[in-house]
Amino acid sequence: MTPRTAPSGSPRDNGRRPRAGGSSAPESQDISPQSRYRRTAWAFLLLALAVVTGLREWFGVSGVAGGLLHHIAAGPVGVLGLVVPLLLGALGVAMLRVHRFTGVHVRIAVGALGVLAGVTGIIQVAAGNPSPGRGAAAIEDAGGLLGWIVGYPLALLFSSVGAVILFILLIVFSLLVLSGLTVADVRERLASPRGDGEGADDGGDKEADSFALRLVDRLRGARSRAGESGAALDSYDADEPFRSSLETDRAPRPRGNGRRKRSTSPVAPTRRFEAAGADGALFDEHAEDSRPTFVLPEPAADGAAPPDERPPARRAAPSPPPAEPAGAWAPSSAPSPAEPGPAMAAGPVELPDGTSYVLPGDDLLRPGPEHATRTEANDAIVVRLQDVFAEFNVDATVTGYTRGPQVTRYEVHLGRGVNVSRVTGQAKNIAYAVGSDEIRLLTPIPGKSAIGVEIPNSDREMVKLGDVLRSGAAKKQTHPLVVGLGKNVEGDYVVTNLAKTPHLLVAGQTGSGKSSFVNSMITSIMMRATPQEVRMVLVDPKRVELTVYEGIPHLITPIITSPKKAAEALEWVVREMDARYDDLASFGFKHIDDFNKAVRAGEVQPLPGSQRELSPYPYLLVVVDELADLMMTAPKDVEASIQRITQLARAAGIHLVLATQRPVAQVVTGLIKSNVPSRLAFATASQLDSRVILDQNGAETLTGQGDALYLGPGASTPVRIQGSWVTESEIRAVVEHVKAQLTPEYREDVVVPEVKKQIDEEIGDDMDLLLQAAELIISSQFGSTSMLQRKLRVGFAKAGRLMDLLETRRVVGPSEGSKARDVLVAPEQLEETLDWIRGGGAAPGDEPAVTTPAAVAAPATAATAVSPSSAVTPELAAEDAEDYNRGSWRGRSSDGPDEDAWSLTGRGPSW
C-alpha cells in the first residue's frame, strides 16, 4: 500500500528514510521540536533581560542584582547603557519573528555595531580618554569597553580631533550599510524631481544620468547635421547582428560565493546571487547566470561536487552602460538623429508642425505591491515535493526555487543514474501532494541541468503596468514600439519591442487575459510615443473592447467595428505598404528607419520635378481584437491581406497584432501562422488549441488571469510571463491626457465611403429574381424564358418580364420567335454584370479608369504622393470618389445578391 504523504507541518523525520542508490537525505532537513523550542527559549531570555535591565537603568527599580545589571548595561557601552534594553528587546523579537537570520539581518547588525562603535568612541575621547587603570566607574561613565577599545588607540595615534573625524566617517559609512544604499544612490534620490522612491537595486535608475547625457548629445548631433546633405548615414538598421524582441530587467544584486551552504532547515534556503557579466551583454532568457534562485543544501555523494556547482563568479567592476548596437531597434551611444527618444525626455516634445506635446506622466499609472521572493507557502511546497520523491524512492532533491508573481519554479536535481522519466512520471503524485492540477514540468530548465516544476502560488501577486514601464528594461530603450509584457517566473520585469517581433499572434480562451494585454499594449504606446511616431488602426468587431480609445491622436482612422470595413482597411494597409516600398526603392534604402533618419538629417531630396515634401513615415500598428469575426465574414480577402502584410511589411514599419479567442485552424490558418513568427498564448481549453498557437503543448496548463507563454521569433522554448494589468481608470486618465493636447487627423482613404446605389424603378421588388435570372443565363449561356420558369418557379408572365429587363440591360439579345435568345455577356463578366444591375460599377464591356489596387495606390508613390504623415488632400479625395463611382475601387466583390436585396427592404444596410 502506498504510504500517505504527511502534511507540511508534520514533524516526521523525512531526511532519514533510505533512498535509491544507498544515499540518504541530508540531516539538515530534520526539523525537531527541541531545536525550535530552544530558539524560542533564548528569545524569551533576551526579552526578560531587556525588561529587568530597563527597570534598573530607566526607573532605578531593582533588587540585589541591581549592580550586576548596571554593569551588564553600562560596562560594554558606558553612558549608552540606556539603549541596551532596547537592543536586547529588538534582538529577542527578531528571533521570534524570523526562522533564521539572513544576509539582510547581518547587514543591519554590522551597521548598528558600526554606529554604536563610532558614538562610544566619540564619548570616550570627549570624556578625556580614561584608561582601565582609573577604575571601572571611569570607563562606565565614558564610552565603556567598546569606546575604550576603539577610542583609546586612535586618540593616541591621531590626537583627539583626528579620532573624532574618523569616528564621524565611521558613523556615516555604518548608516549607509544600514540603509543598503551607496553614496550614488543617495545622490540620485535627492536629485530625483518626483522622488519616486524606487529601490537602489533598480538597474534602470543607475543608468538614467548617463542615458540623459547620451540623449542630449544625440539631439545636439541631429541639429548640427540638419543642414548637411549627400552624406552617408553613420549606421543602418541591418548593422545589428542578433536581435531579440524580449528585454528583461536584471537588477544588480550582491554577489555570493556561488557555492551551496548548509542549512539547519529545508524550509530555510539561502539565496544565491550571480554577478552580472562585465561585458554588459543583454539578457538571454536561456542563460543560467541571469536567474536568481533560492538554493537548498544538497549532499555530495562520495565527496563529489554537486551537479551544478561552479567556480565563484567574478564581481563586475562598475562601468558605464554598455554601448548597444546602433540602429532603429536600440539606443546608440553615437549621436544619431533617427530616434530622438521623446519617451524618455523630461518636458514637452516639439512636433514637426511647431506644436509641443507632453507625454503622460508616470504618476497616471499607480504602482503595484512589492514582489516577494520567498514565502512560507513556497517553503511548504519544498517539503511536500521532497516527501513525494522520498516515498516513491526517486533519487531526486529540490535544490532551490525562483518565485514569480503567479507561479514558482522549483529546481529538481537527479542523482547519478536516475532517469528523467522517474520524475516526470510522478506528475500526478506531485499534483496530488501540492493540491493543484495546474503544474507544469520543464525537462530541462533552459540552460540548466535540472528539472523545473512550475506550481501556481497560493498567494498570487498583481503585476501593474506602471511598474513595468518604470523598470530598467523599459527605461533603457527609447524605441516607441516598446510595450510592457509583465514579469517572468524569476520575478524580473519583461518588455518586448513590436518592431522586432515583428508581428504578433495573441490567442486564448475567454477570461484568460487577452484583452488585458491589448489594453496594456495600447496604453504603453500612448505613454511612450507621440502621434508623429506611431499611428494605429484599431479593429474591434465586438464594439466595446476598444471604444475607450476613440478620439486619441494616435489613430489614423476611427475605430473600425464592421468586419467588411476591416477588410477594406487591411487592403489600404497593403496599398500603404506598397507606397512606402516605392519610396525605399526610389531613394535606395532597405528599411524605413534608415529612410526616416536620412529625411531628418536632410540627406534625401524629392525627385526632380516633384512637388512633394518629404517627411518621416510613422510606424503603423494594426491591432485586430477578434480575428475570428473577420475570417467568418470575408475569409479570402482578410487572409490574403494579412498574408501580404506579414510577408513584406516589416521593413516598411508596419506591424500587425492579431488577437482571437478561437485558436482553431479555420481562424489561425497555416498561411497566417507561417508569416507571424511571435506568439503569445494565454490559457487554452485543450492541447489542440495550444498546438495551433505555439505548435506545442503547454498553454492548456496555464492558470489564466494573465498567465501566458511567449514564443519569440526564432525561439524554440516559450517563456512563461505573468501579463501586466492596467485598470480602466488608469486607461481613461491616459486617454484624457493625450486627447487634451491633439485631435486625431484621420486618413479619408482608409475605409472607402459607401456609395448609395441607384436602382431602376421599373425593377421594383424583382431585384432578387432579376439577379438570379441573370446568373442562370450568363452561367449557362442559354437565354430561354421556359428555363426561367422551371428554375425560378415563376409564371410565364414573370419570366417574360425578367427576360425583357435583361434585354434592356444588354444581357440578352432581342427575341427571335421560338428560338433562345443570344447571351451578350461572357461568363467571366458575371460579377461585373451583377454589380452593374444592382446600380454600382460600370456597364459590361466598359474599360474602367483604374482596375487594380496597385494602380489606385499609384498617386501615392515616389513622384506624386502626398506627405505620408499628413491627411489626403481634398482634390485627391474627390478623384478617389470619382474612381469609386466608376468601379475602379471595386476589386474583388464580396457582396452577394441576398445582401443587396436585403438593403432594398428599408431595414438598413446588410452589414
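## Close-up views of a predicted chain

View 1. The model is predicted. D707 is buried too, at 1% relative accessibility. What does D707 form with R720? The two side chains form a salt bridge, and the closest N and O atoms are 2.5 Å apart. D707 sits in strand β17 (residues 707–711). R720 sits in strand β18 (residues 719–723). The pair is 13 residues apart and links distant parts of the chain.

**View 2. E461 meets R403.** The side chains of these two residues make a salt bridge of 3.4 Å, N to O. E461 lies in the loop between β9 (451–456) and α13 (465–469), and R403 lies in strand β6 (residues 396–403), so the bridge ties together parts that are 58 residues apart in sequence. Is E461 buried or exposed? E461 counts as buried, at 13% relative accessibility. R403 is also buried, with a relative accessible area of 3%. Side chains of opposite charge can pair when their charged atoms come close.

**View 3. D467 meets R470.** Here is another salt bridge, with 3.2 Å from N to O. Are D467 and R470 buried or exposed? D467 is buried, and R470 is buried as well. The count of salt bridges comes to 25.

**View 4. N378 and the residues it touches.** N378 has its place in helix α10. N378 is buried, with a relative accessible area of 2%. Which residues does N378 touch, leaving out those up to four places away in sequence? They are Y401, R403, T408, Y410 and N457. R403 is also the salt-bridge partner of E461. T408 is 30 residues from N378 in sequence. In space, the C-alpha atoms of N378 and T408 are 7.7 Å apart.

**View 5. Helix α10 crosses helix α12.** Two packed helices are described by the angle between their axes and the distance between the axes. α10 covers residues 376–391, and α12 covers residues 427–434. Their axes come within 9 Å and cross at roughly 140 degrees. At that angle, α10 counts as oblique to α12. The crossing is right-handed. From α10, the residues in contact are I381, R384, L385, V388 and F389. From α12, they are N429, I430, A433 and V434. How many residues of each class does the contact hold? Seven are nonpolar, one is polar and one is charged.

**View 6. Helix α15 crosses helix α22.** α15 covers residues 514–528, and α22 covers residues 728–739. The axes come within 10 Å and cross at roughly 35 degrees. Is the crossing left-handed or right-handed? α15 passes α22 in a left-handed crossing. N519, T523, M526 and M527 come from α15. They meet I731, V734, V735 and V738 in α22. Six residues of this contact are nonpolar, two are polar and none is charged.

**View 7. A683 in its loop.** A683 lies in the loop between β16 (678–681) and α21 (687–694). At 3% relative accessibility, A683 counts as buried. What is A683 in contact with, beyond its neighbours within four places in sequence? The contacts are G508, Q509, S512, A699, L702, G704 and D707. D707 is also the salt-bridge partner of R720. A683 and E700 are 17 residues apart along the chain, and their C-alpha atoms are separated by 5.7 Å.

**View 8. Helix α26 and G839.** This helix covers residues 830–838. Which residues of α26 are buried? They are L830, T833, L834, D835, I837 and R838. G839 follows the helix. The phi of G839 is positive, near 115 degrees.

**View 9. The whole chain.** The chain has 29 helices and 18 strands. Of its 911 residues, 49% count as buried. Take the contacts between residues at least 6 apart in sequence: 70% of them join residues at least 24 apart.

How values were computed. Residues numbered from 1 in each chain as written. Predicted model: local features only at pLDDT ≥ 70, side-chain atom pairs only at ≥ 80, totals over all residues. Heavy atoms only, no water. Salt bridge = Lys/Arg side-chain N within 4 Å of Asp/Glu carboxyl O. Helix = DSSP H or I, 4+ residues; strand = E, 2+ residues; numbered from the N terminus. Buried < 20%, exposed > 50% of the residue type's maximum accessible area, 1.4 Å probe, protein only. Axes fitted to C-alpha atoms, helices over the stretch in contact; angles between N-to-C directions. Parallel < 35°, antiparallel > 145°, perpendicular 65-115°, else oblique. Left-handed = near helix turned anticlockwise from the far one by under 90°. Contact = heavy atoms within 4.5 Å. Nonpolar A, V, L, I, M, F, W, Y, C, P; charged D, E, K, R; others polar.
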